[in-house]
Amino acid sequence: MLEKVFRIRHQVYCEELGFEPNRVNQLEQDEFDNNSIHCLLLHKPTQTYVGCVRLVLADTQAPESELGFPFEQVCGKAVRWAFDASAGTGRKQYGEISRLAITANFRRPRNGVPQLDGTHPKLDAREEEARRLFPSIAVGLYLAVAAMGLSKGLDGVFAMMEPRLARQLSRFGIQCQPAGEAVEHRGIRVPYFISRHSLLDNLRLECKTLLSKIQCCLALPYAPYA
């Protein structure tokens, strides 16, 4: 299944958007994948994998001084967050949402440019329950990562995203707190922090329902088409 994740990432990040160089094997991977939990999203009506995301965890075998998340490499001194293991806020308490990718036919272009975090108009036109429980693919992927983070007992997660997406997520009760200044990285991006307590306190009811469904699935043996 990991190969499917890496192929979607290559299709989106390398071939479509040109964010990463093309790989001969058409698998987009990096040094953080070994310390990540990966999520692959299946569109059941077409039995097609349409998106993926990963939760990057701190390397528990490495000293705190050697740890680092992807957003720290990008933001550098723009990060305004103090990691302090002695105060209980070391990196091992957190994770990072990273490499969110949605295939082109399930993204809505903006001004003719494909977007990483778009919603799919055909999904919005489906039955009322689907619209209610799955308002957008991006939100669904973020909730999948949230479920994984909760199962790991993390205090919160970081994510690099456009301010526009942060505003969109806030409408569903996913409150994103800036953890640094805006930087230029494939457009304007801001490092955000989503705390465990804020998520559980503010998540909209319909999203809590979806989160609970995902948590139940995580507790079951793997069944790809269940």
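This is a predicted model: local features need pLDDT of at least 70, side-chain atom pairs count only at pLDDT 80 or more; totals for chains, interfaces and linings use all residues.
A residue is called buried here when its relative accessible area is under 20%, and by that cut-off helix α6 (residues 163-170) has L165, A166, Q168 and L169 as its buried residues.

**Helix α6**
- Looking down the axis of α6, the buried residues fall within an arc of 160°, so they line one face of the helix.
- An α-helix has 3.6 residues a turn, so residues three or four places apart point the same way.
- The partners against which the buried residues of α6 pack are α5, β4 (156-161) and β7 (188-195).

**Helices α5 and α8**
- Helix α5 (residues 137-151) and helix α8 (residues 205-218) have axes that come within 9 Å and cross at roughly 55°, which makes α5 oblique to α8.
- The crossing of these two helices, α5 and α8, is right-handed.
- On the α5 side the contact involves V139, G140, L143, A144, A146, A147, M148 and L150, which meet C207, L210, L211, I214, Q215 and L218 of α8; the residues of this contact divide into twelve nonpolar, two polar and no charged.

**Residue A159**
- A159 is found in strand β4, and its relative accessibility of 2% is why A159 counts as buried.
- Apart from neighbours within four places in sequence, A159 is in contact with I97, Y142, V190, P191 and Y192.
- Although A159 and F69 are 90 residues apart in sequence, their C-alpha atoms are 9.9 Å apart in space.

Note on methods: Residues are numbered from 1 along each chain as its sequence is written. Side-chain values use heavy atoms; hydrogens and water are left out. Axes are lines fitted to C-alpha atoms, for helices over the stretch in contact, and angles run from 0 to 180 degrees between N-to-C directions. Helices (H or I, at least four residues) and strands (E, at least two) are DSSP runs, numbered from the N terminus. Angles under 35 degrees count as roughly parallel, over 145 as roughly antiparallel, 65 to 115 as roughly perpendicular and the rest as oblique. A crossing is left-handed if the near helix is turned anticlockwise from the far one by less than a right angle, and right-handed if clockwise. Contact means heavy atoms within 4.5 Å. Ala, Val, Leu, Ile, Met, Phe, Trp, Tyr, Cys and Pro count as nonpolar, Asp, Glu, Lys and Arg as charged, and the others, Gly among them, as polar. Buried means under 20% relative accessible area, exposed over 50%, partly exposed in between (1.4 Å probe, protein chains only). The arc is that of the directions from the helix axis to the C-beta atoms.
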